[in-house]
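The following questions and answers concern one protein chain. Please keep its sequence and model in view while reading.

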Amino acid sequence: MFKSSFPLTFIVFIPAVLILVSPLPTEAAHEFTVYRMQQYDLQGQPYGTRNAILNTEARTVEAEVLSRRCVIMRLVDFSYERYQKALRQSAGAVVIILPKNMSTMPQDIVQVIRIIMPYEWVYNCTANNPGSRIKRQGPWLSYGADSNGSGVSMLLELARLFSRLYTYKRTHAGYNLLFFVSGGGKFNYQGTKRWLEDNLDHTDSSLLQDNVAFVLCLDTLGNGDSLHLHVSKPPKEGTTQYALLKELETVASSQYPEVKFSMVHKKINLADDTLAWEHERFGIRRLPAFTLSHLNSHREAQRSSIMDVRPYVDLRKLSRNTKLIAESLARVIYNLTEKGAPGDLQIFTEQMQVQEEQLSSVVDWLTAQPRAAQLVDKDSSVVSTLEYHLGHYLKDVRRHYVKADKRDPEFVFYDQLKQTMNAYRVKPAIFDLLLAVCIAAYLGVIYLAIQHFGVLYSVVRRITAPKTKQH
């Protein structure tokens, strides 16, 4: 039977083999998470990339031609020269592969990333848009350990310490203390701005009108041996603000000589797109305010870097700075200097001392999740936990929500900040051309075989016919 139906079997069997015989399984497709850089509008000015769709061939940064290609590189291989190369050749996008533990990065790479990425780099999978201004890191990569997890943890610890002093009438000072945790700090301090408007413009009687001695903002205090008091206007002698400045100098020199304390004066520049420090928001409303930070300038790249993770907060220095600020505040509100108290007098000792474990747990909790403004809503666990924590030590804890005006919004956030990318391993174009030629040749042979089936059949019969023995 095989002999009689051989041609038909030949035609059907070969395609069946081509279809059924599959190659060995290979990892030809990959699926992984990518994070976009910031994209938002602030006071009508667009920031960040405008596009997020990507469908290009991938190339490593060592490739000669990067034009309209997706450049893939590891974070450890990142350099300013390679960044410029991608820009010069108009690369379609850049995908940076992050390590699991960001704190293991070499310090020289960390410094380069801190300088370039926060202000110019299109981070991870985003279409390159040279005309857009990019500021800050990707929202899903914003853990903000030192900026400003250290400030929040310090504020909570100060609330705990002074709540114990204010529990009893005999230790209650002549000043009331208001603790304020605001959001939107990376977006020109929108949370602080709206809170001030609600309390100064939309209220007939407010405690903020004439009763504010000073506002002390805490920012990036988890490292370094320097402490800078940033001011927009130097305090005048005889004022409470001047008393705070002198008490900080006294406590630093008497109790912590390793700390280099100084005052940094910078006027508010309203022509800038964003304010330098949070105290400038209060200064615009004529409220005396300062910012304490271990950074000498607001332009320090580590305030806006993906490298600002938990290991870069020195818990010992954060605890020391907390104690220094708590002692200085206590000396101001209890007027200890005029009462003749020595500079090395310590108030927060023994049961009243700063709890390093408390600071550590708060910093660990804050840095365990991204806290970008786009990701924190009114039902966020971050907000509810902060409210619960403050409620343990303070009275009348309130939560304020900020929403952008629908008609004339001061800020606009965009979504699709965390997406899934599909990468496929494909053959080069020459392989597709060769495969097309082979398929055409095969179909041509089949066509000729069908058209000249009689000739083919007779040839095959002649070849397969048994030979007769001659006697």
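Buried means under 20% relative accessible area, exposed over 50%, and partly exposed in between (1.4 Å probe, protein chains only). Helices (H or I, at least four residues) and strands (E, at least two) are DSSP runs, numbered from the N terminus. The model is predicted: local features need pLDDT of at least 70, side-chain atom pairs count only at pLDDT 80 or more, and totals for chains, interfaces and linings use all residues. Residues are numbered from 1 along each chain as its sequence is written, and side-chain values use heavy atoms, with hydrogens and water left out.

Q: What percentage of the residues of the chain count as buried?
A: The chain has 12 helices and 13 strands. Of its 471 residues, the share that counts as buried is 41%.

Q: How many of the residues of helix α5 are buried?
A: Helix α5 spans residues 190-200 and is mostly covered. Its buried residues include Trp195, Leu196 and Leu200, but also Lys193, Arg194 and Glu197. The cover over the buried residues of α5 includes β2, α7 and β12 (411-413), where contact means heavy atoms within 4.5 Å. The number buried is nine of 11.

Q: Are helices α4 and α10 roughly parallel or roughly antiparallel to each other?
A: Two packed helices are described by the angle between their axes and the distance between the axes. Helix α4 (residues 145-165) and helix α10 (residues 381-391) pack at about 25°, with axes 10 Å apart; axes are lines fitted to C-alpha atoms, for helices over the stretch in contact, and angles run from 0 to 180 degrees between N-to-C directions. Angles under 35 degrees count as roughly parallel, over 145 as roughly antiparallel, 65 to 115 as roughly perpendicular and the rest as oblique. α4 and α10 are therefore roughly parallel.

Q: Which residues of α10 make the contact with α4?
A: On α4, the contact is made by Val152, Leu155, Leu156 and Ala159. By class, the contact of α4 with α10 has six nonpolar, one polar and no charged residues (Ala, Val, Leu, Ile, Met, Phe, Trp, Tyr, Cys and Pro count as nonpolar, Asp, Glu, Lys and Arg as charged, and the others, Gly among them, as polar). The contributors from α10 are Leu386, His389 and Leu390.

Q: Which residue does a cis peptide bond join to Ser147?
A: The omega of this bond is about 5°.

Q: Is Arg286 buried or exposed?
A: Arg286 is found in the loop between α7 (279-284) and β11 (289-293). Although not a glycine, Arg286 has a positive phi of about 60°. Its relative accessible area is 77%, so Arg286 is exposed.

Q: What is the phi of Gln43?
A: Gln43 lies in the loop between β2 (39-42) and β3 (45-48). At 45% relative accessibility, Gln43 counts as partly exposed. Although Gln43 is not a glycine, its phi is positive, at about 55°.

Q: Which strand gives the most to the lining of the second largest pocket?
A: The lining of the second largest pocket has 48 residues, of which Phe32, Ile72, Val95, Met421 and Ala423 lie nearest its centre. With six residues, the strand that gives the most is β13.

Key. 1 Å grid on protein atoms, 1.4 Å probe; cavity = no way out; pocket = protein on both sides within 12 Å on 5 of 7 lines; lining within 4 Å.
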